[in-house]
Amino acid sequence: MDTAVSIQIVTGKFTSEEAVTQKMNQAFEAFQKVELACSRFSPDSELMSACQQVGVPVTVSPFLFEPLKFALEMAECTEGIFDPAIGKKMEDYGFNRHYLTGQSMKSPSAASVTYHDIVLDEQERTLCLLKPLVIDLGAVAKGFAIDLAAHELAEFEGFVVNAGGDLFAGGVNGIGEPWEIGIQHPERKEEVISTILLSDEAICTSGGYERKSTTTADIHHLIDPETGRSPKDWVSSSVIAPFAMMADAFSTASFLLGAAKGRELVEQASLQALLISSNLQFVRVGGI
């Protein structure tokens, strides 16, 4: 997933080191399983293998089916501004290189594709592509992995699963208080621009400062599928939600939708958000 993953656990007096190690290993394994299923950068991932079979229903694992199902629901909810069918456009902008091997993906795709060309059958748990396209799950897969890891750690008094700043904070910290979480400054990477208190909630941040296109000026990894450009209303969108996959998807969607519609989306979902404009002004949504 091209990000560092860290886990912090608060244990009780009678928790054995063996139990902690076992649960922590299972939590880290969740990330490996999701990456093997959902990676757009590996030709042998479950996702990319399925994308090679057009017009044929392919049975997929829950590690692919569940995040893709949620991504398609978000696509409907945003009328296609959040669109998992954007993978080929991401490739064309240079977001196509595996972070470990350096291998580049060059995939076939029809000229015009949308999420409507991705069909899921919940009964049979199959995926069928109506046209050649590349699915991108970058806005849900990491959150899904965080949620799976958090499930493994639920028995502990407190824990934080942190994947590159997107995280779930469970229970309380070592002194019995909610976790204090910092939000990265959009312009100064080593600085925190704000802090919040979390307990049994997730926060995920989408920012235009994170990944820049290597082929096209003024393009980052958050792309409007209709215009092919990167929106400019926000430089950072942080969303708090009960689950990390939800926070992950809503932070991306609110960024893509821009000032008015992005804020409206968060409010309609009864979530909280800290949105930061290009001149570093804060917009707080939902009582954050």
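The model is predicted, so local features need pLDDT of at least 70 and side-chain atom pairs count only at pLDDT 80 or more, while totals for chains, interfaces and linings use all residues. Residues are numbered from 1 along each chain as its sequence is written, and side-chain values use heavy atoms, with hydrogens and water left out.

Start with the seven-stranded sheet. This sheet is open, runs in the order β1-β5-β6-β9-β10-β11-β12 and pairs in the antiparallel sense. Strands here are DSSP runs of E with at least two residues, helices are runs of H or I with at least four, and both are numbered from the N terminus. Two strands pair if DSSP finds at least two bridges between them. β1 (5-10) and β12 each have a single partner strand, so one side of each is left without a neighbour in the sheet. From one strand to the next, the twist averages 10°. Axes are lines fitted to C-alpha atoms, for helices over the stretch in contact, and angles run from 0 to 180 degrees between N-to-C directions. β9 and β10 run antiparallel and are joined by six bridges. C204 has V239 in β10 as its bridge partner. Helix α1 (residues 17-38) packs on this sheet and touches β1 and β5 (158-163). The direction of α1 makes about 150° with that of β1. Contact means heavy atoms within 4.5 Å.

Now the three-stranded sheet. This one is also open and antiparallel, with the order β2-β4-β3. Its edge strands are β2 (58-59) and β3 (118-121), each pairing on one side only. Two bridges link β2 to β4 (residues 126-129). T59 has T126 in β4 as its bridge partner. Helix α3 (residues 62-77) packs on the sheet, touching β3 and β4, at about 125° to the direction of β3.

α3 also meets α6. Their axes come within 10 Å and cross at roughly 10°. The two helices are therefore roughly parallel (angles under 35 degrees). From α3, the residues E66, P67, F70, M74 and C77 meet M245, M246, A249, F250, A253 and L265 of α6. This contact holds ten nonpolar residues, no polar ones and one charged. Ala, Val, Leu, Ile, Met, Phe, Trp, Tyr, Cys and Pro count as nonpolar, Asp, Glu, Lys and Arg as charged, and the others, Gly among them, as polar.

Next, the cores. A nonpolar core is a set of buried Ala, Val, Leu, Ile, Met, Phe, Trp, Tyr and Cys residues joined through side-chain atoms within 4.5 Å. The largest has 71 residues, and I118, I135 and L137 have the most contacts inside it. Helix α6 (residues 244-268) gives the most to this core, with eleven residues. Apart from it lies another core of 14 residues, including V10, A169, I181 and I183.

I223 sits between β9 and β10 (234-241). I223 is buried, at a relative accessible area of 3%. Buried means under 20%, exposed over 50% and partly exposed in between, with a 1.4 Å probe and protein chains only. Beyond neighbours within four places in sequence, the contacts of I223 include I86, Y93, F95 and L256. Most residues other than glycine have a negative phi. D200 has a positive phi, near 60°, and lies between β8 (192-198) and β9 (201-207). L280 has a positive phi too, near 65°, in the loop between β11 (272-277) and β12 (282-285). D200 is partly exposed at 47% relative accessibility, and L280 is partly exposed at 26%.

Methods: Parallel < 35°, antiparallel > 145°, perpendicular 65-115°, else oblique.
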